[in-house]
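Trainee: I'm new to this one. Could you show it to me and let me ask some questions?

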Amino acid sequence: MISKKAKYALKALKVLAEQYGKGPVLISYIAEKEKIPKKFLEAILLDLRNNGVLQSQKGKGGGYLLRIPPGEVNFSKVLRIIDGPIAPALCVSMFFYGRCDDCKDEETCSLRSVLERWRDANLAVLDRTTLNDLLQAEKAEHVQQAENVQQTDVLTQL
């Protein structure tokens, strides 16, 4: 399960992806649009900036913007920045490896092979999913909502 902080990070990045190429976006705009507490959002955006996903601009007309195109920001990168390891246990983590205290031999540990498959299945989705996918999913949702409204209008006219 991802943390609330990671969920907020993805929501904020969606807003920044929508505004990509249009200049900096104010923290207050993102906070209001996505209903994220402003102080919490400030810390999240700072983490993302310090890890090369965002850049900030100070002064009048300042704010945050994506440093790299939305199609290059995948979910696994964001989750690692915000939540740390994606793997279900440190012994199978690709970037945060740590030996399990209760394991006698990693090579023969039957649980480890299951955890590796779990990690790989999650990464197969998270590595492939980018902010562009998030934007496309939102557009598809808006289209579906518009179609539902049209169908309701047709039925009420009958």
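This is a predicted model: local features need pLDDT of at least 70, side-chain atom pairs count only at pLDDT 80 or more; totals for chains, interfaces and linings use all residues.

Mentor: Residues are numbered from 1 along each chain as its sequence is written, and side-chain values use heavy atoms, with hydrogens and water left out.

Trainee: Which helix has the lowest mean pLDDT among the elements of the chain?

Mentor: pLDDT is the predictor's confidence in each residue, from 0 to 100, and the chain averages 90. Helices (H or I, at least four residues) and strands (E, at least two) are DSSP runs, numbered from the N terminus. The highest mean among the elements, 98, belongs to helix α1 (residues 4-18). The lowest, 73, belongs to helix α6.

Trainee: What pattern does the chain follow along the sequence?

Mentor: You'll find 6 helices and 2 strands here. Read along the sequence, they come as α-α-α-β-β-α-α-α.

Trainee: Why is helix α4 described as largely enclosed?

Mentor: Buried means under 20% relative accessible area, with exposed over 50% and partly exposed in between (1.4 Å probe, protein chains only). Over the chain's 158 residues, 35% count as buried. In α4 (residues 75-83), the buried ones include Phe75, Leu79 and Arg80. The rest of the structure largely encloses α4 because its buried residues number 7 of the 9.

Trainee: How much space lies in the largest pocket?

Mentor: On a 1 Å grid over the protein atoms alone, a pocket is an open set of points with protein on both sides within 12 Å along at least five of seven lines, while a cavity is a set where a 1.4 Å probe fits but cannot get out; lining residues have an atom within 4 Å of a point. Grid points are joined across faces, edges and corners, and a volume is the space filled by probe spheres set on the points. Gly84 is in the pocket's lining, along with others including Met1 and Asn122, and α4 and α5 each supply at least two lining residues. The space comes to about 200 Å³.

Trainee: Is Ser93 buried or exposed?

Mentor: Ser93 sits in the loop between α4 and α5 (110-126). A polar atom of its side chain lies 2.9 Å from the backbone nitrogen of Phe96. Setting aside neighbours within four places in sequence, Ser93 is in contact (heavy atoms within 4.5 Å) with Pro85 and Ala87. Its relative accessibility is 10%, so Ser93 counts as buried.

Trainee: With which side chain does the side chain of Glu34 make a polar contact?

Mentor: Glu34 is in helix α2 (residues 27-34), and at 11% relative accessibility it counts as buried. A polar contact is a pair of N or O atoms within 3.5 Å; within protein, one must be able to donate a hydrogen and the other to accept it, and residues adjacent in sequence count only if both atoms are side-chain atoms. At 3.1 Å, the partner is Lys14.
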